[in-house]
Amino acid sequence: MHDAIPTVTLPGGAEVPSLGFGTWMMGEDRPSEKMEIDAIRLALDLGMTVIDTAEMYGDGGAERIVAEALKDRREDAFLVSKVLPWNASYDGTIKACHASLDRLGTDHLDLYLLHWRGEHPLDDTVAAMEELQTAGRIRAWGVSNFDVEDMEELFSVADGKNCAVNQVLYNLSRRGIEFDLLPWCQEHQIPVMAYSPIEQGRILHHPELVHVAKAYQATPAQVALAFLLEREGVIPIPKTSNLRRLQENRDAVDLDISDEDWSRLDAAFPPPARKMPLEML
Ligand code: NDP
């Protein structure tokens, strides 16, 4: 018997599972497509229904794969895509959103994010997001790779406070946001989507992580995900095209790590003692 995936409530009231699914690197290689589609469908079956994609991934290829996977079950997913910063003018955002909708084979996104900050004024991007929402093309909008200063600036523009999430790099080896950005988002009730939650695999051989995982007959990836699942308002979105690893990631929800073992991991992956600039991948 597995524990249910806990949920996180977005500012607009939508309740989403706190463990999602990433699609970066999908749709880039034809022979892998079937496996990728199967993985997205299994993610939905397992309740990891927040499906994160972007116009950037595979140059639209990832959105096409997601479309295939959701063909007969769009409503099972909480679908997230992103506009590239150089497309994020008022008109450009609206055009990019429609192009994503076409590739995704749907008439709406559940969440649309500005992928990272660029040269276009935030007012213009936010105005386009609001327009898309009014027109029913998106249910909510948010940002990605925004540090505290960016969030404060966002909150100073008209309708900027309607931001629903901030998606940032966050994992055991990248804890900088715990100093200020995570508390800021928690205080403003803006969930944080944690991207690269297992550091694209690079932390999985860390001896302390391996040691703690063994003590729970778990894998290092599961402990790395459990670390994020413990935190209020945090939604890790691991990517895998491997069905066994996907089930493994889902089962991270069942882990119950002791305070003593969290302390061991704190010693191995220290939390920040001062402000760190937000890192990006
Ligand atoms: P992840 O930390 O999710 O790692 C993905 C890698 O780890 C893949 O190579 C995958 O390989 C492997 N993997 C997954 N699960 C396991 C497991 N249980 N054991 C061992 N290896 C595993 O990195 P991502 O960078 O992909 O981040 C996740 C998602 O976040 C992205 O896919 C994307 O949707 C989003 N993202 C957003 C960014 C932004 O700027 N907003 C930037 C980066 C990512 P395999 O598929 O072979 O299993």
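Visitor: Which residues come nearest to the ligand?
Guide: In this predicted model, Gly22, Trp24, Tyr195, Ala221 and Lys239 come nearest, out of 27 residues around the ligand.

Visitor: And which helix gives the most to that shell?
Guide: That is helix α9, spanning residues 243-250, which contributes three residues to the shell around the ligand.

Visitor: How does the shell divide by class?
Guide: There are 13 polar residues around the ligand, along with nine nonpolar and five charged ones.

Visitor: Changing topic: at what angle do the axes of α2 and α3 cross?
Guide: The axes of helix α2 (residues 61-70) and helix α3 (residues 90-104) cross at roughly 45° and come within 7 Å. Helices α2 and α3 are therefore oblique to each other.

Visitor: Which residues make the contact?
Guide: On α2 they are Glu63, Arg64, Val66 and Ala67, and on α3 they are Ser100, Arg103 and Leu104. By class, the contact of α2 with α3 has three charged, three nonpolar and one polar residue.

Visitor: What does UniProt place at residues 19-268?
Guide: The UniProt record, an unreviewed entry, gives the feature "domain: NADP-dependent oxidoreductase" there. Over residues 19-268, the chain is 42% helix and 12% strand. The end C-alpha atoms of that stretch are 24 Å apart.

Visitor: Finally, what is the mean pLDDT of the protein chain?
Guide: The mean pLDDT is 97, and 100% of the residues of the protein chain reach 70 or more. In general, where pLDDT is low, predicted coordinates should not be read in detail.

Conventions:
Residues numbered from 1 in each chain as written. Predicted model: local features only at pLDDT ≥ 70, side-chain atom pairs only at ≥ 80, totals over all residues. Near = placed C-beta within 6 Å. Helix = DSSP H or I, 4+ residues; strand = E, 2+ residues; numbered from the N terminus. Nonpolar A, V, L, I, M, F, W, Y, C, P; charged D, E, K, R; others polar. Axes fitted to C-alpha atoms, helices over the stretch in contact; angles between N-to-C directions. Parallel < 35°, antiparallel > 145°, perpendicular 65-115°, else oblique. Contact = placed C-beta atoms within 7 Å. pLDDT = per-residue confidence, 0-100. UniProt positions renumbered as here; feature names shortened; annotations may be inferred.
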